[in-house]
Amino acid sequence: MDDFILTLVASDTPLSAAHLAIIKRFMGESAIMITQPPQWLKEHKAADFMLDTKPTIDNIKSLRRLFAEDKIDIFVTPASTREKKLLIADMDSTIVDGETLDELADFAGIKDKIAAITERAMRGELDFHDALRERVGLLKGLPQDSLQKTLERTAFNKGAQTFIKTLRDNGVTCVLVSGGFTFFTEYFASAAGFNAHHGNILHIEDGKLTGTVGEPILDKDSKVAYLTKYTQELGLDTTQTMAIGDGANDLPMLQTAGQGFGYHGKPLIEDEIENCIIHGDLTAVLYALGYSDF
């Protein structure tokens, strides 16, 4: 039977002996045995507990509430398959800050209108295909140089480049897969050091957006398909794979991967995915995977 590792990762408030004591008390009350003394991955930043039983999603949610005030994130990984060899990552609001389509809409003066549609789609309230076509259609006639202007105002989320570089340095294949557009995935994949990227294609004619997007549209099912494709091509077992994302269209990918991580996710993600970065930056995943030096 596999052991499991529970990892605490601090963001603002340093981890202390009091935090470790909360875990010991909680596990005792939950009839989960801690089989080894806690191990610091980085003193006052991240610590591991070896457990004989996997905490339930309700256990995890209870721990999130206990540590919410001190902004400490909770992760659980199987000890035998903690090391990963493939990452599939979402782009918008995960690797980069914000939604590139919303920012592009700002140049058309309709950011609020499009952002409202995006928010509903990311919460799973709208059909992704219909929502994407509607938003792109509203951008018909927008000058092509708006793409470059949007790129220039879009930044990586904190820790993104360290996250990808550390994984790459340790032999992990990293793939950026986005329901956004290849104009952006190409740039950010290259800048962060991803091995490959995939996204949707915006149609442009005579220097202007046509208001249409290439078919078939890359959606939640496509993300799962790319996860499967790269897993097979690399000769990996699913347990050696991981995925990270924030929205409803990432959920199937997160549930299919050996380890799914939510990043400052929508309520649906936090409700369904046990490993969520709620408070910290993307390097929190590195601690969850057992890295301590990056």
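**Before you start**

The model is predicted: local features need pLDDT of at least 70, side-chain atom pairs count only at pLDDT 80 or more, and totals for chains, interfaces and linings use all residues. Residues are numbered from 1 along each chain as its sequence is written, and side-chain values use heavy atoms, with hydrogens and water left out. Helices (H or I, at least four residues) and strands (E, at least two) are DSSP runs, numbered from the N terminus.

**Stop 1**

Two strands pair if DSSP finds at least two bridges between them.

Zoom in on strands 2 and 3. Strand 3 covers residues 46-51 and is joined to strand 2 by 3 bridges, antiparallel. Pick tryptophan 40: its bridge partner in strand 3 is alanine 47.

Now step to lysine 71, in the loop between helix 2 (57-67) and strand 4. Its phi is near 55 degrees, a positive value in a residue other than glycine. Lysine 71 is partly exposed at 36% relative accessible area. The classes are buried under 20%, exposed over 50% and partly exposed in between (1.4 Å probe, protein chains only).

**Stop 2**

Focus on strand 5 (residues 86-89). There, 4 bridges join strand 5 to strand 6, in parallel. Leucine 87 has cysteine 174 in strand 6 as its bridge partner.

**Stop 1: two cysteines**

A disulfide is a pair of cysteine sulfur atoms within 2.5 Å, and the structure holds 0 of them. Both residues are buried: cysteine 174 has a relative accessible area of 0%, and cysteine 276 has 2%.

**Stop 2: the cavity**

The structure holds 1 cavity of 30 Å³ or more. On a 1 Å grid over the protein atoms alone, a cavity is a set of points where a 1.4 Å probe fits but cannot get out, and lining residues have an atom within 4 Å of a point. Grid points are joined across faces, edges and corners, and a volume is the space filled by probe spheres set on the points. The largest cavity holds about 150 Å³.

Select Asp92, Glu99, Met122, Gly179 and Gly180: of the 16 lining residues, these are the closest to its centre. Helix 4 (111-122), helix 5 (128-137) and strand 6 (173-181) each supply at least two lining residues. Strand 6 gives the largest share, 4 residues. By class, the lining has 5 nonpolar, 5 polar and 6 charged residues. Ala, Val, Leu, Ile, Met, Phe, Trp, Tyr, Cys and Pro count as nonpolar, Asp, Glu, Lys and Arg as charged, and the others, Gly among them, as polar.

**Stop 3: hairpin and cis proline**

Strand 8 (residues 202-205) and strand 9 (residues 208-213) run antiparallel, joined by 3 bridges. They form a hairpin with 2 residues between them, and aspartate 206 in the turn has a positive phi of about 55 degrees. Leucine 202 stands opposite valine 213.

Move on to glutamate 215 and proline 216. A cis peptide bond joins them, with omega about -5 degrees. Proline 216 sits in the loop between strand 9 and helix 9.

**Stop 4: last picks**

Select threonine 228, in helix 9 (residues 220-233). Threonine 228 is partly exposed at 33%. Its C-alpha atom is separated by 8.3 Å from that of threonine 238, 10 residues apart along the chain.

Finish at histidine 264, in the loop between strand 11 (259-263) and helix 11 (267-272). Histidine 264 is not a glycine, yet has a positive phi of about 40 degrees. At 34% relative accessibility, histidine 264 is partly exposed.

Note on methods:
On a 1 Å grid over the protein atoms alone, a cavity is a set of points where a 1.4 Å probe fits but cannot get out, and a pocket is an open set with protein on both sides within 12 Å along at least five of seven lines; lining residues have an atom within 4 Å of a point.
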